[in-house]
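Please look through the model shown below before reading on.

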Amino acid sequence: MKNIKVIYLAGGCFWGTEAYFKNLKGIKKTVVGYANGKSDDTNYEIVASTDHAETVKIYYDFSRISLTEILLHYFRIIDPKSINRQGNDIGRQYRTGIYWEEEDKDSEQIVRDIMKYEEEKLGKLAVEISPIKNFVKAEDYHQDYLEKNPMGYCHVNLSLADDPIIDDEREFLNKNKRDYLDDISYDVMENSGTERPFTSELNDEYRKGIYVDKLSRKPLFVSSDKFDAGCGWPSFSRPIISTYLEEDRDTSFGMVRTEVRSKSSDSHLGHVFPDGPVEMGGLRYCINGASLDFVPYEKMDEEGYGEYKIFVK
C-alpha cells in the first residue's frame, strides 16, 4: 500500500491500545495479536505459556503522521516503568514493547531515539524493544473489541487521543493581523494570497530547525521534511504534527486544489499536491514563506521549543 509503514506496539491489554490508536489521524489499519513469544503459534488461552505479548500491529500513512508522533502517543498511555503489568492486568503477556520489521532500519533508529529521549526524562524503562518475531493474529472477537463492546474494560484513557501531544499552548498574539504582519504576510495569511516564487529567503533555508506559524508561533514543519521542489516556494513532505494543519477544498482560479491552513491562527499557508518525492511519502506541502518563521535547532530551547527537538533529524 502506498505510503504505508508498520509498527507493533505492546501496551498492556490490546483492546484499549488498539482503540486509542484508531482515533489518530494517519492510522490506516490495526490488527491485534500476540508478539515476540517462543513459537509461531499461540492463542488467548495459552499466551502466558508461550511468552507472547498482547500487541497491536499498526499500519500508518507516514505522509500524514510520523513514527515519532505515534511513539509519543504510545508513551502517553503506558506506565513505562511497570514490569509485566498495565492497569489491572498482570502477567508477561501485558508487558510493554515496541517492535519493528527486521529490515526497517529507519524505524529502528527512531525507536531507539525515542527510548533515549524518554529515559533521559524518566530514567531506566521497562519497555522491550526489538525486531518483531512470531506475530500471531488474535482471535476475531478481539479485533476492534471496544467498538463492538463499548462498555468493555479499558485501562487506557481514550480521550487523551484528542489532546495535544505536546502541551505548548502559547498565548495567541491578540493583535490586529493588519498591524502585526507585513503587507505580503497579511495578504497570504488573511486573504489567501500567494507570494511571488523564489522571493522568500526560506525557500533556500536548509539549516536544521523548525518552521513556525508567523502569527501564532506554533511549529508547523521541520527541516528534515523539507526538500527542493524547484517550484520557488518552501516545500515539505508532511506537517511536524498531524493535527496542526487543516486542509480544505479550494476551487479558486478555475482549479481544484487542496488548501493548507494553520489551525492555531486560522491562516492560509499554501496548498498540498500529490507530486512530492515518493520516498518521503509523495506529498508536497507548497507553503508561502511569508507565513512562516524559521527557528534554528540551536535556538529551539531558548525560544521555548525544546520539546520539539525530538522531531528534528
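Rings of Phe, Tyr and Trp (its six-membered ring) pair if their centres lie within 6.5 Å; planes under 30 degrees apart count as stacked, over 60 as edge-to-face and the rest as tilted. One aromatic cluster is formed by Tyr211, Phe221, Phe236, Tyr285 and Phe294. This is a predicted model, in which local features need pLDDT of at least 70 and side-chain atom pairs count only at pLDDT 80 or more, while totals for chains, interfaces and linings use all residues. Residues are numbered from 1 along each chain as its sequence is written, and side-chain values use heavy atoms, with hydrogens and water left out.

The whole structure holds 12 aromatic pairs. One of them joins Phe14 and Tyr34 in a tilted arrangement, with 5.7 Å centre to centre and 45° between the planes. Phe14 belongs to helix H1 (residues 14-22) and Tyr34 to strand S2 (residues 27-35), so this pair ties together parts that are 20 residues apart in sequence. Helices (H or I, at least four residues) and strands (E, at least two) are DSSP runs, numbered from the N terminus. Both Phe14 and Tyr34 are buried, a word that stands for under 20% relative accessible area, with exposed over 50% and partly exposed in between (1.4 Å probe, protein chains only). Tyr308 and Phe311 also make a tilted pair, at 6.3 Å centre to centre and 35° between the planes. Tyr308 and Phe311 are buried too.

Now turn to the strands. Two strands pair if DSSP finds at least two bridges between them. Six strands make an open sheet in the order S11-S12-S16-S15-S14-S13, with antiparallel pairing. Its edge strands, S11 (226-227) and S13 (245-250), each pair on one side only. Within the sheet, S14 (residues 257-262) and S15 (residues 267-273) are antiparallel and share 5 bridges. Arg261 has His268 of S15 as its bridge partner.

The last stop is the largest pocket. A pocket is an open set of points on a 1 Å grid over the protein atoms alone, where a 1.4 Å probe fits, with protein on both sides within 12 Å along at least five of seven lines; lining residues have an atom within 4 Å of a point. The lining of the largest pocket has 22 residues, and Phe62, Asp106, Ile110, Asp225 and Arg238 lie nearest its centre. Helix H3 (67-77) and helix H4 (105-122) each supply at least two lining residues, and H4 gives the most, with 5 residues.
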